[in-house]
Amino acid sequence: MRTAPLGAALGLASVAALMSLIPASTTYAAETTAERAYCPRLSSSLAWYGDNRERLQRVIDERGTCGNPQARHGERPVAAFDWDNTVSKNDITDLAIAWALEHDKILRPAHWSDTSPWLTEEADRTLTEACGTDVPVGAPLPTSTDTACTDEIFSIRSEATLMNGHKAFAGEWNSRRTLPQYAWVPQLFAGHTEAEVTSYARKSRAEALAAPVGATQRVGSHTLHAYARYNPQIKDLIRVLKKAGFEVWVDSAGSTPVTNAWAGGVGVDREHVLAIRNLLDRHGRITYTQEGCGGEPASKGTVMPYIEGKRCWLNEKAFGVTGPDAWKRQAPQNRPVIAGGDADTDVTMVGDATGAGLVLNRNKNEIMCRAYDNADGTWLINPMFIEPLPRKEAAYPCSTTGYTNPDGTPGPVRRQDGSVIPDQEDSVNGG
């Protein structure tokens with residue numbers, strides 16, 4: 001038979017009276033037990049891999065308001081989560097773009113080369129030819145019926161190539177601070193207000209949540225997922241973290257107005273959403289210029305919340321670390337306690353976690369190398385909650401090519417002390 005908690009059975013006043021009779025040497029332990037009886041708990045009805053739920057709960061109890069006096073007095077611990085394939089199953093930015101293309105919401109730029117400093121001349125020419133010049137600059141392109149235009153746009157977004165297979169981007173960029181095709185996506189919404197883009201994303205959200213798991217759609221001649229879901233376990237984790245006094249942030253390489261359309265579904269407000277944010281013109285419309293970070297100026301995508309960029313934005317917004325220091329790993333008190341992600345884009349943020357770095361296994365090299373190596377004992381690996389991937393047959397190439405250098409070349413994955421992580425076998429997966 002389940003018994004009522006002590007406080008419920010006797011009343012808090014009675015508990016306090018009983019505490020006064022306990023010897024002083026045992027009061028702290030008794031208070032800790034009483035406090036933890038009221039700690040918010042992760043749902044026992046939602047399946048986690050191995051002991052991940054228990055380990056997360058332990059960190060929440062120790063670092064949240066239940067076990068941390070500083071948290072009870074306003075010094076809130078921080079938790080941070082990637083969005084796509086972490087909080088949600090599937091990529092919400094792709095869904096928003098697909099919806100915008102289907103409903104003729106992409107406005108014609110004066111020159112496609114204005115959208116990215118790395119767009120090749122061939123890409124500029126191909127987009128101009130495919131999408132045409134019949135509609136005025138700033139008017140909607142007829143992408144719902146113009147398959148050629150839709151195909152080129154979506155090919156650049158998804159593969160960084162044109163439909164003929166040629167590269168769409170060229171030049172130099174820091175591959176640990178940006179990725180041209182990611183930075184290019186918010187540019188497609190230039191000319192709209194943020195509110196308009198959020199409304200498009202809400203409509204794509206409604207359709208994706210209503211679609212059955214596994215559903216796909218056609219975007220031009222491309223096939224794309226048509227459904228998305230909030231991962232119930234992550235939604236529950238965020239709920240418990242907030243109840244335990246954590247400040248919860250979303251740190252995404254997606255577009256800010258798109259991410260805003262989804263974040264409220266897990267109780268994260270706009271002030272705690274970090275994503276690519278484009279500057280607005282005097283009429284409140286999105287421009288091609290994006291906010292900078294860590295002392296880097298606004299640009300057309302030179303830096304964004306991507307790998308080291310996720311650390312930079314979180315350091316600036318959550319911890320108040322500005323200038324070049326925002327790119328650096330901070331002391332433990334200025335780092336997230338819990339962080340979650342699924343891909344190499346999240347590896348720096350998740351690796352900064354001091355209590356638990358949660359990885360949903362999508363077979364991505366660097367983040368899985370670090371997670372399986374687990375050098376500091378904080379990494380947790382979980383199969384994807386919805387449609388988990390099978391075991392990766394080959395070992396992760398940690399000792400040779402698992403790391404992406406700033407110049408884009410591959411190299412070995414190294415620990416904080418500089419030692420090389422050996423190749424790792426995949427073992428935590430869906431089958």
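**A walk through the model**

Visitor: Is Trp48 buried or exposed?
Guide: Trp48 counts as buried, at 11% relative accessibility. Buried means under 20% relative accessible area, exposed over 50% and partly exposed in between, with a 1.4 Å probe and protein chains only. This is a predicted model, where local features need pLDDT of at least 70, side-chain atom pairs count only at pLDDT 80 or more, and totals for chains, interfaces and linings use all residues. Residues are numbered from 1 along each chain as its sequence is written, and side-chain values use heavy atoms, leaving out hydrogens and water.

Visitor: Where does Trp48 sit?
Guide: Trp48 is in the loop between α3 (24-36) and α4 (52-63). Helices (H or I, at least four residues) and strands (E, at least two) are DSSP runs, numbered from the N terminus.

Visitor: And what is Trp48 in contact with, leaving aside neighbours within four places in sequence?
Guide: With those neighbours set aside, the contacts of Trp48 are Arg53, Leu56, Gln233, Ile234, Leu237, Leu358, Asn382 and Phe385. Contact here means heavy atoms within 4.5 Å. Gln233 is 185 residues from Trp48 along the chain, yet their C-alpha atoms are separated by 7.6 Å.

Visitor: OK, on to helices. At what angle do α6 and α10 pack?
Guide: Helices α6 and α10 (residues 194-210) pack at about 105 degrees, with their axes 9 Å apart. That makes α6 roughly perpendicular to α10. Axes are lines fitted to C-alpha atoms, for helices over the stretch in contact, and angles run from 0 to 180 degrees between N-to-C directions. Under 35 degrees counts as roughly parallel, over 145 as roughly antiparallel, 65 to 115 as roughly perpendicular and the rest as oblique.

Visitor: Which residues meet there, α6 to α10?
Guide: From α6 come Leu95, Ala96 and Trp99, and they meet Tyr200, Ala201, Lys203, Ser204, Glu207 and Ala208 in α10. By class, this contact of α6 with α10 has 6 nonpolar, 1 polar and 2 charged residues. For the classes, Ala, Val, Leu, Ile, Met, Phe, Trp, Tyr, Cys and Pro count as nonpolar, Asp, Glu, Lys and Arg as charged, and the others, Gly among them, as polar.

Visitor: Tell me about Leu95: buried or exposed?
Guide: Leu95 is buried, with a relative accessible area of 4%. Apart from neighbours within four places in sequence, Leu95 is in contact with Ser204, Ala208, Gln217, His225, Ala226, Tyr227, Ala228 and Trp262.

Visitor: And how do α7 and α8 pack?
Guide: Helix α7 (residues 121-131) and helix α8 (residues 147-159) pack at about 150 degrees, and their axes are 7 Å apart. So α7 is roughly antiparallel to α8. On the α7 side Thr126, Leu127, Ala130 and Cys131 meet Ala148, Cys149, Glu152, Ile153 and Ile156 of α8. By class, that contact of α7 with α8 has 7 nonpolar, 1 polar and 1 charged residues.

Visitor: Switching topic: why is α15 largely enclosed by the rest of the structure?
Guide: Because 8 of the 9 residues of α15 (residues 365-373) are buried. They are Glu366, Ile367, Met368, Cys369, Arg370, Ala371, Tyr372 and Asp373.

Visitor: What covers the buried residues of α15?
Guide: The cover includes α14 (347-351), β11 (356-361), β12 (379-383) and β13 (403-404). Just after α15, Asn374 has a positive phi of about 50 degrees.

Visitor: Speaking of phi, what value does Asn85 take?
Guide: Near 65 degrees, a positive value in a residue other than glycine. Asn85 is in the loop between β1 (78-81) and β2 (88-89), and is buried with a relative accessible area of 10%.

Visitor: What about phi of Asn90?
Guide: Phi of Asn90 is near 85 degrees, positive in a residue other than glycine. Asn90 lies in the loop between β2 and α6 (92-102), and is buried with a relative accessible area of 10%.
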